[in-house]
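Student: Please take me through the side-chain contacts in this model. I will ask about one contact at a time.

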Amino acid sequence: MEERQKDILKLLYEKGRVSVADLSRSLYVSEMTVRRDLAEMEKGGYLRRYRGGAVLKQSDGEMPVSERYFMNREEKQSLAQRAAEHLSDGITVFLDSSSTCLYLLPYLSKHKGITLVTNSVKTLLSAAENHIPTILIGGEYYEQDMCLVGSLAEESVRALNVDIAFFTTAAYDEKSGIISDFDLRQTAIRRLILKNAEKSIFLFESYKLGKRLLYTLAHKNEVSAVLLSQTPLEKQT
C-alpha cells in the first residue's frame, strides 16, 4: 500500500470509522483522492465503504496482524526497547500473538541461551529468521492473528513455566487498573501463561489507554510491570 493508505488504516484502527471529509482534511488531499484510495482498499479487503466514509471490515474493530505490525511503529519500537531491559541470558520468554511483541524479537537474538515460547505462527517465522530456539504451542489456527488457540492450546500451556512473559491487549483502563480484550480465546491463553510466569510485562500503545473491553485478563496489581507509550500526554506506569 501507499503511505497515504497506511495512514488511512491507522486512523481507522484508532477510530473504527472515518468520513471522507475528515480524511481529506487530515491527509491534505482531495476528497476524490480519498474515495479512490478507499475503493482500492475495499477491494483489498481492508475496509468497508459506506456513503461518505468507511469502517474497518472486521466487526471486532481489528485488522490482520500482518497489517497491524506497521501501525504506530515508533510507539511499538520504543515500548520494545524499554521491555528489552528485562531480558537476560539463559531465560525462557513467552511472546503473545500481538504485533507489538514482534518488535522484541531482535532484542531476544542478542542474548545467549534464550528459549522462546509462543502461540504465534508469525512470531515463530520471525524467530526462525533470527535463529532463536522456539517452542510453538499447538492448537486451532486463528488466521487473523496467525496464532493457535482453543482447548488444545490451553492444555499445552498449563504445563509450561516461563521466566518472563510479554503481552499486550486491546485495552487498559488506567483508573481502574483493568487489562482487558474482546477476544475470549486469546484471553484464555494469556491468563494461563500469566498464572505460571515468574515475571509478566504488559506493553500498551497510546490508543489502547482509557478503554475497558468485555473480557478482563488481569489487574495491574497482578502483573510485574505495565509499560505505556511515552508521549507528552501520557505517564509511565
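Student: How far from the centre of the ring of tyrosine 142 is the charged end of arginine 185?

Tutor: This is a predicted model, in which local features need pLDDT of at least 70, side-chain atom pairs count only at pLDDT 80 or more, and totals for chains, interfaces and linings use all residues. Residues are numbered from 1 along each chain as its sequence is written, and side-chain values use heavy atoms, with hydrogens and water left out. A charge sits over a ring if NZ of Lys or CZ of Arg is within 6 Å of the ring centre and within 35 degrees of the ring normal. The charged end of arginine 185 sits over the ring of tyrosine 142, and its distance from the centre is 5.0 Å.

Student: How many aromatic pairs does the structure hold?

Tutor: Rings of Phe, Tyr and Trp (its six-membered ring) pair if their centres lie within 6.5 Å; planes under 30 degrees apart count as stacked, over 60 as edge-to-face and the rest as tilted. The number of aromatic pairs in the structure is five.

Student: Why is the pair of phenylalanine 94 and phenylalanine 167 given its class, and what is that class?

Tutor: The ring centres of phenylalanine 94 and phenylalanine 167 are 5.8 Å apart. Their planes stand at 45 degrees, so the pair is tilted.

Student: Which strands does this pair link?

Tutor: Helices (H or I, at least four residues) and strands (E, at least two) are DSSP runs, numbered from the N terminus. Phenylalanine 94 and phenylalanine 167 are 73 residues apart, and the pair links distant parts of the chain. The strands are E4 (residues 92-95) for phenylalanine 94 and E9 (residues 162-167) for phenylalanine 167.

Student: Is phenylalanine 167 buried or exposed?

Tutor: Buried means under 20% relative accessible area, exposed over 50%, partly exposed in between (1.4 Å probe, protein chains only). Phenylalanine 167 has 0% relative accessibility, so it counts as buried.

Student: Phenylalanine 167 also pairs with phenylalanine 202; what is the class of that pair?

Tutor: The centres of the rings of phenylalanine 167 and phenylalanine 202 are 4.8 Å apart. Their planes are at 20 degrees, so the pair is stacked.

Student: Which strand holds phenylalanine 202?

Tutor: The pair ties together parts that are 35 residues apart in sequence, with phenylalanine 167 in strand E9. Phenylalanine 202 is buried, at a relative accessible area of 0%. The strand that holds phenylalanine 202 is E12 (residues 197-204).

Student: Which residues do ring pairs link into a cluster?

Tutor: Phenylalanine 167 takes part in the tilted pair with phenylalanine 94 and in the stacked pair with phenylalanine 202. The cluster linked by ring pairs is Phe94, Phe167, Tyr172, Phe202 and Phe204.

Student: How many salt bridges does the count come to?

Tutor: A salt bridge is a side-chain nitrogen of Lys or Arg within 4 Å of a carboxyl oxygen of Asp or Glu. By this rule the number of salt bridges is twelve.

Student: How far apart are the closest N and O atoms of aspartate 37 and arginine 4?

Tutor: Aspartate 37 lies in helix H3 (residues 31-43) and arginine 4 in helix H1, 33 residues apart. Aspartate 37 is buried at 2% relative accessibility, whereas arginine 4 is partly exposed at 24%. The closest N and O atoms of their salt bridge are separated by 2.5 Å.
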